[in-house]
Every structure is written in C-alpha cells, then in structure tokens.
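Please examine the structure shown below together with its sequence.

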Amino acid sequence: MNNTESPGLYIHVPFCGTKCPYCNFYSITSFSLVADWLDSLRKEAIIYKDRFAAFDSIYIGGGTPTLLAEHELAALIDTLFRYFTFSPDTEITIEANPDDITLEKPTLLRKIGVNRISLGVQSFNDKELQSLRRRHSAAQAERALERIRASGFTNIGVDLMYGLPGQTQAGWVQTMKRALDFKPEHLSCYQMTLENGTPFGKMSTDGRIKPLGEEEGRSFFLITSGFLEEQGYIHYEISNFAREQKYKSRHNSKYWQHVPYLGLGPAAHSFLEGVRWWNLDSVESYCRALDQGGVPVAGTETLSQEQHLLESLYLGFRTSHGIDLKLLNNRPRSDTILSELQESGLIQVHGGRAMPTRDGFLVADGLPLLFAG
Ligand code: SF4
C-alpha cells in the first residue's frame, strides 16, 4: 500500500454542452441541476473532511467543468478549501474545452487558483473534429491555446486522439506538430476506443465504423512515442508525455501508484487503505442520497493482497517508472520470467525496478499475468 505520498482530490463535474458520440464518461446536457449538485458536493465533502491527509492535487474533471459560471467554479473551490487541507504547492488542474476559452476565462481560472489546464483538443483537423461531433474547430483550439498561454499559465496539457475515422498516420503527425507549436508542458495521446453503449460503439457493431486493427494501432503508437521523444518529451505512461519531469501529471500519477485519492461527485471513484469505492452515476440519485443524509456510494471493493499486487503490477507496467522488484519476492519463476522479458527487449531492469521499454508498453497489460500466482 502506498500511503506515504499526499492524496489527490478529484471532482466530477457531470455537465456537458453536447454528448460526444465516442465518450462513455458520465455527464448530462441539462444544467438545471448545477446548484443542487454544488450543494450536494458540499455535503459529501463534509462526510470525508477528516478522513484524508492534506491533499497536494485537485483535478476538476468531467464532463466539461469550464461550462460552469465563474461564481459556480469559485463556490466549488471555496467548498474544497473550507473542508480539506492542502499543501501550499497544490497542483490544481481543470479540464477545458477550446470553445469555452473566452478571452477572459483563463484569467478567471487563474484568479480562483487553477494552475494547470488540460485542454481537450483531440485533433487539429476540422474534418476529424466534425466526425467526432466536437463543438470546436482547429482554429478555435489554436486561439484557446494562445489565450491560455497569454494569461500566464505555465502548465498546459493538450489531449489528442488517434485512430479517428478516416485519419491517416501523416494526418496524425500533422496534428501532433500543430500541438507542439504551442510548446505544451504535457500531452495525452489516446487511441480512440469504440465503447459499448456509446453511439460510436453501436456504429462499430453495425459495421458503419471500423475500429483500428491491432497492427495499425501498434503502428500509430510507435509513431507517437518515437516522434514525441524525438521532440524531447518524456514518454512516462502509455498515453502520456511530459516536457520535463516536473510536468508529469501529479494527480494522475497517484492513480498509477496506488496513492490514496478521494473522488467527489456522481460516478467519482475513491481509494483509501486498500478499499475502493465509487459513487452513483446519476446526478439525481447522487443528490437524493446526500439530501437524505446518506452516502452516495454505489459500490465498494476491498482489495485482497493478491488483487493489490496484481493491480500494482498492472499499473506499474503502464508507466516508465515500472515496478518495484520487491513486489515479485516469492513469486514462482519470477527471475526466469524477468530474464526472458529482458532478452525480448520488453523490459529493462535496474535500480531494483523493472521498467517497460517502448515495445513493452505495447504488451503492458499482459505482463502482470505472467507473474500471477
Ligand atoms: S468527451 Fe468531454 S465534452 Fe464530450 S461528452 Fe465526454 S466529457 Fe463531455
């Protein structure tokens, strides 16, 4: 269990202007419940106010947090600082969509304490953006990045996606190049997945959209990693790149290292002392549970020692930091398996850790199974 580092605080803002057809995050497109949700969030904060040590990261995600009005965002931050303690250098991230970045927005965000923006650009190609039914254009994304930088933000993350319908590898490299023109401190590059229950998932079942084949997915991944490393970025997690060590996402790193975190809001997940719990994924049910003096929890899971170990391997092999070899003490044949993985060029072993190579990232999800009891 890793309780030595400060915990992280996640806030789920469950409101979006429109639903993107590939997205399976919980959100609704009506804003009529924002005030109730904010009030319920305050009640939920009170429940957990003495259970966590001082946080050093806040991640306001969703949903589309930047659609909230200034006074709503300010009230949210006020609630957090009223009931929880934070270290002085707390990383405060907000997820933003380019079309919400008005001239004033970045300054307002800085005023309420936000010091990191994660901008959901996805692509710098207008045709691709239209196929994703995003509300912004490439020009709007560029303008948003200019405005964010001009307002004084020194920690900007850009989210991009590859494997989009009709996207070529050359087109993907163009998108990455345009992102790099703005020198973002952080880049997340995800392969689009066609999730069940989403419109794109259904179109994939009907054969109207073709998912990226395994070989193509592999090729996109290798191009991404190779190109961004050549540009000086550190490939520190399968889908994440930082311009310098200090720009790795502090908050997301907690998920990958089993550091405790608290998630407030509908559908948010939390983890503390080997127990994981997740909230009801409906704004109405979430608010009702808190109104009635209850907790809005939908489920709880206590990790057994074996589950905890396998999760640590699973999460660790997805990051360049890898796994602590002590985790493999007493695992049958672990030395032999490690040597074989090293010989195949999938991991490197030094300093008491086993770390995946770029090729290792491609098979990271299968590596823990080799050590399963
Ligand atoms: S991708 Fe973002 S903006 Fe689109 S529906 Fe999902 S959370 Fe909302």
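Predicted model: local features only at pLDDT ≥ 70, side-chain atom pairs only at ≥ 80, totals over all residues.

H258 is found in the loop between helix 9 (250-256) and strand 9 (261-264). Although H258 is not a glycine, its phi is positive, at about 60°.

R133 belongs to the loop between helix 4 (126-131) and helix 5 (138-150). R133 also counts as partly exposed, because it has 13 C-beta neighbours inside 10 Å. Another backbone feature is the cis peptide bond between G62 and G63, with omega about 20°. In general, most residues other than glycine have a negative phi, and most peptide bonds are trans.

G63 is located in the loop between strand 2 (55-62) and helix 2 (70-83). Both G62 and G63 are among the residues around the ligand, a set that also includes C16, K19, F25, T64 and N97. Sorted by class, this shell holds 4 nonpolar, 6 polar and 1 charged residues.

How is the protein divided into domains? The domain assignment gives domain 1 (8-256) and domain 2 (305-370). Taken over C-alpha atoms, their centres are 29 Å apart. Where the domains meet, 9 residues of domain 1 are in contact with 8 residues of domain 2. On the domain 1 side, helix 8 (214-230) and strand 7 (234-237) each give two or more residues, and helix 8 gives the most, with 4 residues. This side has 5 nonpolar, 2 polar and 2 charged residues.

Strand 14 is joined by 4 bridges to strand 15 (residues 353-356), and V349 has A354 in strand 15 as its bridge partner.

Finally, consider the interior. In soluble globular proteins, nonpolar side chains tend to be buried together. Here the largest nonpolar core has 61 residues, and L9, I117, L119, L160 and L187 have the most contacts inside it. Among the residues that L160 touches are V121, M176, A179 and L187. A second, separate core of 11 residues includes I238, I323, A354 and L367.

Key
Residues numbered from 1 in each chain as written. Near = placed C-beta within 6 Å. Nonpolar A, V, L, I, M, F, W, Y, C, P; charged D, E, K, R; others polar. Domains from an automatic or database assignment. Contact = placed C-beta atoms within 7 Å. Pairing = 2+ DSSP bridges. Core = buried A, V, L, I, M, F, W, Y, C linked by C-beta atoms within 7 Å. Buried ≥ 20, exposed ≤ 12 C-beta atoms within 10 Å, placed from the backbone. Lists of a residue's contacts leave out its neighbours within four places in sequence.
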